[in-house]
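Subject: Structure for your review

Dear colleague,

I am handing over the structure below, and I would be grateful if you could read it alongside the notes that come after it.

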Amino acid sequence: MRRLISISILLLAVLLVLPGVLSAVGGGYWFRVTTTIGVFSILTMSANLITGTTGLMSLGHAGFYGIGAYTTALLATKLHWPFFLTLPVAGVVTAVFGILLALPTMRLIGIYFAVATLGLGEIIHVTLLNWVDFTRGPMGISAIPGISLDGLFSASDITNYYAVAIIALLAALVLGRLTHSYYGNALRAVREDDQCAASMGLNVVGLKIQSFAFACFFAGVAGGLWAHTTGYISPGDFRFSESILILAMMVVGGLGSIPGAVLGAVILLGLPEVLRPIGDYRMIVVGAVMFFSILFLPRGLLGETSVLSVVRRQFGLAWDRTLNLGWRQ
Amino acid sequence: MFDVFFVQQLVNGLSIGLIYALMAIGFTLIFGVLNVVNFAHGEVYMIGAFAGLLAITQLAPPLFAVILVALAFGALAGFGLERIAFRPFRRFRDEASLKSKAIREATLLSSLAVSIIVRELAEKIFGSNMQSIPQEYLLLKPIEIGPLSFANGQFLIFGLSIVMLGGLQWLLKHTRVGLSIRAVANNPMGAAYVGINTERTIIATFVIGSTLGAIAGLIVGLYQGAIFPAMGFAPGVKAFVAMVMGGLSSIGGAVVCALILGMAEAITTSFFAQGWGDLVAYLFLVITLVFFPTGLFGGGRERV
Amino acid sequence: MMRFKQCKTLLTTVCLVALSCGASAQNKTVAIGYQAPLSGENAQYGTVFRNSATLAVDEFNKSGRLPGVTIQLKFEDSKSDAKEGVNIARKFSDDASIVGVIGDFNSTVSMAAGQVYAQTKVPQLSQTASHPDYVKISEYQFRNINTQAYEGPLIAKWAFDSGAKKVAVIAIQNDWGQSAAGNFVQGFKALGGTVTETEFFNPGTRDFRSILTKIARSQPDAIFVGAFYEDGSAFLQQKVQMGLKQPVFATSSLYEKKLLELAGPAANGVYLTSTFVVESTEPHVAAFVKNYEARYNGKPQQFAAQAYDATNIMLNAIVAAGGANATRAKVRDALAATKDFPGVTGTTSFDPATREPIKLLSKLQVQDGKFVSVK
């Protein structure tokens, strides 16, 4: 019962109250900011499944986001597919790429996995930038049609908002169900101790690949939403720094927590906008907020698991080895 | 295809690789002791370059003195960095939290935050454009050896990396500070039990590592003719990749992998296009990790 | 120090504006939005734009060309990030006092923001966006810069006439570099020349020796460089160090005093074009240079001049659109009707059909550390 109430409050807030308030303050601007936050919430929630729940630090999420965006943009501009086809296809294509690219890296652990995903993300970015014949390279793809359906609704702020909000809710639902289930427990077992999980009969590599595929699917959908709502994409939108931004959102919000992921996106995208009046100094303040949130809230705002323990596992590799650093050989 | 230009291309690749290597040395040293990626190393590199540049424009001393200034500022930056971004996260000194080591690793993100702040501040103070460097300090004097062209900076960077690597090995193996750094890196609790001041050792590591980073920043800035606030980011990522590719456990390994990355970029430019150079470098990384899951020079696979 | 002075002048302006607002109650304010990278990797350009635009607007307000109306500039920082660019575009669109927008710097951000302005019907005038598709977004997009479709063939002809039959082309791997290289290559081939090598370098590249080696192998008569001045100066220095003797032809993007400081003697001999010549003796250019220098302690360069002109074109359009009664639609029509605008970067007209500007280019060469006009 209580669950039902909280869910209906959430739905009411996202689908009625928030757009109502935004229209009341008269804002295409705030709609736009909210849409961007929505897209990054989906991204952060999906990255959270890999990093927070399964415990694999991914530094290449922006690359997969880019694959989704380019798939959507190319399908929508070259083949004129409507959004209800491009978005799922973008998700599936990204998931397939995710699996293919991640397969060879699945036996890596800890920081080696993190750096391999960094490499994959950069490979995707460089390909988008330099494969001029296919992706138009740095020219980017412009005039991507907005989210509209003939006779029902046309592309506008409200449509964009609802498209992003509904998909974000769906993503939260799916990822939430995945996390809070026996399946999610299995993923957490992999996070806590993969060898132990394997000895209990879990298919560790299979679970890792599945969580990667789910996360890439939603990253692809987020990319598609970005392409449709912005109308123009170029490789610069999918750089390594975006991956770091996603990671920072996860950490500020709290690893392993879905509301935390959304909150992280709200803070790290909303804060620079709210701070516009202080002008050139706003990024310094954003950095300071990040610093103090780590200092005082090591679990993130709503973290399920302490960021420290996950990061420790990621980077604990060299520390614990008996063979030690180069100078001791 | 395999003519004198190809040999020149190898020279170019070697010099790109050495730049990454210079940065990777300090990076790997700090990683070894605290076991955390110091995202702010790129900013220390930048601070070194700017400190040197300020010395050049204000006092115009000989290059050797400029290096000393960068060295001093690097040491200071390392000390400050440890204080601000790393010390606060080691608040518990009891055995349990030291053994869990959990507290230390939040520094990955605190160092990222500090690096954002420092970079933005530098952009506020100096502007984000490239700084003008007095021509006589640029390390771009052409030196022709047969048909190959070199720059004096390339020799300096080559010499510097040998000195740094050799000096560091000597420091770690034959001095008291070095011995205690190795002890703390191996087992901080054990080191503390036998009376090593772990706090002071960690500070020493940061100071040494940052000094190396700052000198690298100055020399590379003068060699490329490019000193600007965001200069540390790109080589920082490459140094990080080289360190992991080398297996985390070996400074020498990181240097070798940095050279491989640089070579990959130059040779790709020769055969395809410069744009694809990064792709080949990262492809090398992924392939290396597929076949050597703990890096080229890492030991056997250990449990986390 | 300079910065402090800027702050002070800004503050004074704000105070003056506030005072004058208080003095006459019926004084109406019309705003221009200006989006530019004021922080992040391209902040050096954004700051210059802000200087020029503030100068232009202050001069305008002082001149009394629109009695009873104060023009206000609203700056927003886009950080060279498309995410921020579209947010700002929405913000400006929501602000009813804004009748026109200038910016952004990068084509990526300008293009993304342009999609918004096309939708909300706000006239957008970019001082620098050179993406070939930019003005095709909608009839609300304008730019105050020659496209490479004009500049490329012109430089190609110049290089060809100077005796180069084989050229190597190097350009930055972004939309601007692509169109710069593409148009030059097309123009050069049309003249019957050969292009030995076309190389793009990724943004952020600091080491051009690999590309230089490749160019040296292809043995061209001349090199065409499509880059901004920072990359350009690094390229020129390394070219000298590598011992390449070929002459260099470049676009107006290298016309920046900083190039001479950064590259030093390595810049000597470079041929380039520009729409703006700081040493010009024409009275309005000299006046601009003098006022800019007095206020910001430094001579204005190409980008400053472009922003200055863009702001003035926008101001002219606001006057033509009825000053206090200007609406976005009227400003757009007035912009489109801009003809023979006497700017510091030359006379500007927008082509009625394509809305592309047409500007004359001067030919320059770097000699002894100075830009010198050549025939």
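Predicted model: local features only at pLDDT ≥ 70, side-chain atom pairs only at ≥ 80, totals over all residues.

Residues are numbered from 1 along each chain as its sequence is written, and chains are lettered from A and ligands numbered from 1 in the order in which they are written.

Confidence in chain B

Within chain B, helix α2 (residues 41-59) has the highest confidence, at 91, whereas helix α4 (residues 95-100) has the lowest, at a mean of 42; helices here are DSSP runs of H or I with at least four residues, strands are runs of E with at least two, and both are numbered from the N terminus. Residues 94-105 of chain B stay under 50 in pLDDT, and the model has 28 contacts beyond four places in sequence for them, two residues being in contact if their C-beta atoms, placed from the backbone, lie within 7 Å. The pLDDT is also below 50 over residues 300-304 of chain B, a stretch with eleven contacts in the model beyond near neighbours in sequence.

Chain A

Chain A has 14 helices and zero strands. Of its 329 residues, 60% are buried, a residue being buried if 20 or more other C-beta atoms lie within 10 Å of its own, exposed if 12 or fewer, and partly exposed in between, with C-beta atoms placed from the backbone. Among contacts in chain A between residues at least 6 apart in sequence, 77% join residues at least 24 apart.

Two loop residues of chain A may be worth a look. A:I109 sits in the loop between α4 (83-102) and α5 (110-130) of chain A, and it counts as buried because it has 21 C-beta neighbours inside 10 Å. The C-alpha atom of A:I109 is separated by 9.6 Å from that of A:D194, although the two residues are 85 apart along the chain. A:M57 is in the loop between α2 (28-53) and α3 (61-78) of chain A, and A:M57 is buried, since 24 other C-beta atoms lie within 10 Å. Between A:M57 and A:Y162, which are 105 residues apart along the chain, the C-alpha separation is 31 Å.

Chains B and C

In the contact between these chains, 30 residues of chain B meet 34 residues of chain C. On the side of chain B that touches chain C, at least two residues each come from α1 (4-34), α5 (107-126), β1 (142-145), β2 (148-151) and α11 (251-271) of chain B, and α1(B) gives the largest share, five residues. By class this side of chain B has eleven nonpolar, 15 polar and four charged residues, where Ala, Val, Leu, Ile, Met, Phe, Trp, Tyr, Cys and Pro count as nonpolar, Asp, Glu, Lys and Arg as charged, and the others, Gly among them, as polar.

The strands β1(B) and β2(B) pair in the antiparallel sense over four bridges, pairing being assigned if DSSP finds at least two bridges between two strands. B:S149 in β2(B) is the bridge partner of B:E144, and in the hairpin of these strands, with two residues between them, B:G146 takes a positive phi near 60 degrees.

Chain C is divided into domain 1 (2-145 + 282-358) and domain 2 (148-274), with bounds from an automatic or database domain assignment. The C-alpha centres of these domains of chain C lie 31 Å apart, and seven residues of domain 1 are in contact with nine residues of domain 2.

With best wishes

Terms used:
pLDDT = per-residue confidence, 0-100.
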